[in-house]
Amino acid sequence: MRAVVITKHGDISVLKVQERPDPPPPSAGQVRVAVRAAGVNFADHLARVGLYPDAPKPPCVVGYEVSGTVEAVGDGVDPARVGERVFGGTRFGGYAELVNIQAADAIPLPEVLTFEQGAAIPVNYATAWAALHGYGSLRAGERVLIHAAAGGVGIAAIQLAKAAGAEIHGTASPAKHSRLVEFGVDRAIDYRKDGWWKGLPPYDIVLDAMGGKSLKRSYDLLRPGGRIVAYGFSAMQQGEKRSLRTALPQLLPMLRGFNLVKQLSDSKAVIGLNMLKLWDDRGTLEPWIGPLGAALADGVAVPVVHEAVPFANAGEAHRILAARENVGKVVLVP
Ligand SMILES: NC(=O)c1ccc[n+]([C@@H]2O[C@H](COP(=O)([O-])OP(=O)(O)OC[C@H]3O[C@@H](n4cnc5c(N)ncnc54)[C@H](OP(=O)(O)O)[C@@H]3O)[C@@H](O)[C@H]2O)c1
């Protein structure tokens with residue numbers, strides 16, 4: 001099979017399409033998916049440059065999520081699933097023509113969605129659902145602030161929060177604001193402007209993918225009873241490299257943490273969310289993706305694909321993410 005291989009740590013030129021052995025026949029409880037699209041995540045870029053300690057060592061094939069068609073099934077899996085259109089989480093190995101995944105993680109892809117859209121679901125929508133509903137306990141009428149709102153997770157969160165009847169404010173660079181409004185954001189905020197937080201109303205939930213100094217600000221923006229869901233460290237990364245000079249001033253306030261006595265007195269919650277940890281612990285992403293079935297089938301959740309990039313040009317997909325050009329998901333197609 002063909003796969004996009006990180007041949008060694010380095011710039012985008014280290015991504016090369018190579019022939020690799022096909023995966024073994026699916027074992028019990030697995031299905032083999034003929035991949036039609038693979039989602040690209042910032043973590044893949046970190047793995048390529050050597051800043052993701054949990055990634056496999058190069059040469060390696062990364063990729064957390066795919067869509068495609070079930071090609072074969074292992075013992076205990078209904079043979080009628082062969083030929084089914086599915087999307088699902090792959091713990092690495094997604095940038096390839098074939099991959100074996102747990103049958104429980106291979107979720108039927110609604111007919112209304114393309115394969116490109118399918119590959120945009122697992123990470124973004126599982127994270128957004130877990131943040132808003134699984135842990136954020138979002139209720140109708142609540143006001144939500146979504147940081148990095150034009151990113152893949154951000155757009156998924158906008159759609160789910162809208163469907164839940166929330167008022168939505170979102171931060172993004174100004175060129176993306178008109179898209180945010182199209183997606184249903186009630187107030188688009190330019191977070192690059194100094195003092196952008198002044199005069200904002202208090203929030204019931206803040207989704208914070210920035211980390212660092214942003215977390216304290218997010219906390220201050222909560223009303224009593226409010227919840228921050230912290231799920232990223234974007235503020236510590238700039239483009240291709242992560243330098244200590246950029247990271248340290250952001251890392252230190254996080255290491256100092258929150259004061260529980262103050263939290264109790266303020267009645268505010270700070271929730272950390274790491275989908276990989278949950279995935280490892282439960283052995284499947286299904287608890288966070290399963291509840292999305294109806295929203296995906298009836299058009300409430302509509303994955304937005306920024307660009308489908310051929311395997312042969314995989315470096316371009318990484319470049320787009322690092323340059324923050326995307327509105328929505330970048331996927332690779334074989
Ligand atoms: N904890 C988890 O389980 C989990 C799961 C999924 C994703 N994440 C993390 O959540 C974050 C967002 O993921 P995503 O898939 O939505 O990403 P994405 O589609 O690449 O969008 C990220 C957007 O964040 C904004 N941004 C603000 N500051 C940034 C910075 N310093 N570096 C890069 N981008 C910055 C950029 O938009 P503007 O042009 O508007 O600035 C960028 O386009 C990432 O850090 C990712 O690693 C965590």
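Is the crossing of helix 1 and helix 12 left-handed or right-handed? It is left-handed: the near helix is turned anticlockwise from the far one by less than a right angle.

This is a predicted model, in which local features need pLDDT of at least 70, side-chain atom pairs count only at pLDDT 80 or more, and totals for chains, interfaces and linings use all residues. Residues are numbered from 1 along each chain as its sequence is written, and side-chain values use heavy atoms, with hydrogens and water left out.

**View A. Helix 1 against helix 12.** Helix 1 (residues 42-49) and helix 12 (residues 314-322) pack at about 110 degrees, axes 10 Å apart. Helix 1 is therefore roughly perpendicular to helix 12 (65 to 115 degrees). Phe42, Asp44, His45 and Arg48 of helix 1 contact His318, Leu321 and Ala322 of helix 12 (heavy atoms within 4.5 Å). By class, this contact has 3 nonpolar, 2 polar and 2 charged residues.

**View B. Helix 3 against helix 9.** The axes of helix 3 (residues 122-135) and helix 9 (residues 275-282) come within 11 Å and cross at roughly 85 degrees. So helix 3 is roughly perpendicular to helix 9. Helix 3 contributes Ala126, Thr127, Ala130 and Tyr135; helix 9 contributes Met275, Leu278 and Arg282. The classes are 5 nonpolar, 1 polar and 1 charged.

View C. Of 24 residues around the ligand, Ser173, Lys176, Tyr191, Tyr231 and Met275 come nearest (a heavy atom within 4 Å counts as near). A side-chain N or O atom of Tyr191 lies 2.3 Å from a ligand oxygen.

**View D. Backbone atoms at the ligand.** A backbone N or O atom of Gly152 is 2.8 Å from a ligand oxygen. For a polar backbone atom of Val153, the distance to a ligand oxygen is 2.9 Å.

Technical notes
Axes fitted to C-alpha atoms, helices over the stretch in contact; angles between N-to-C directions. Helix = DSSP H or I, 4+ residues; strand = E, 2+ residues; numbered from the N terminus. Parallel < 35°, antiparallel > 145°, perpendicular 65-115°, else oblique. Nonpolar A, V, L, I, M, F, W, Y, C, P; charged D, E, K, R; others polar. Polar contact = N/O pair within 3.5 Å; in protein donor to acceptor, adjacent residues only side chain to side chain.
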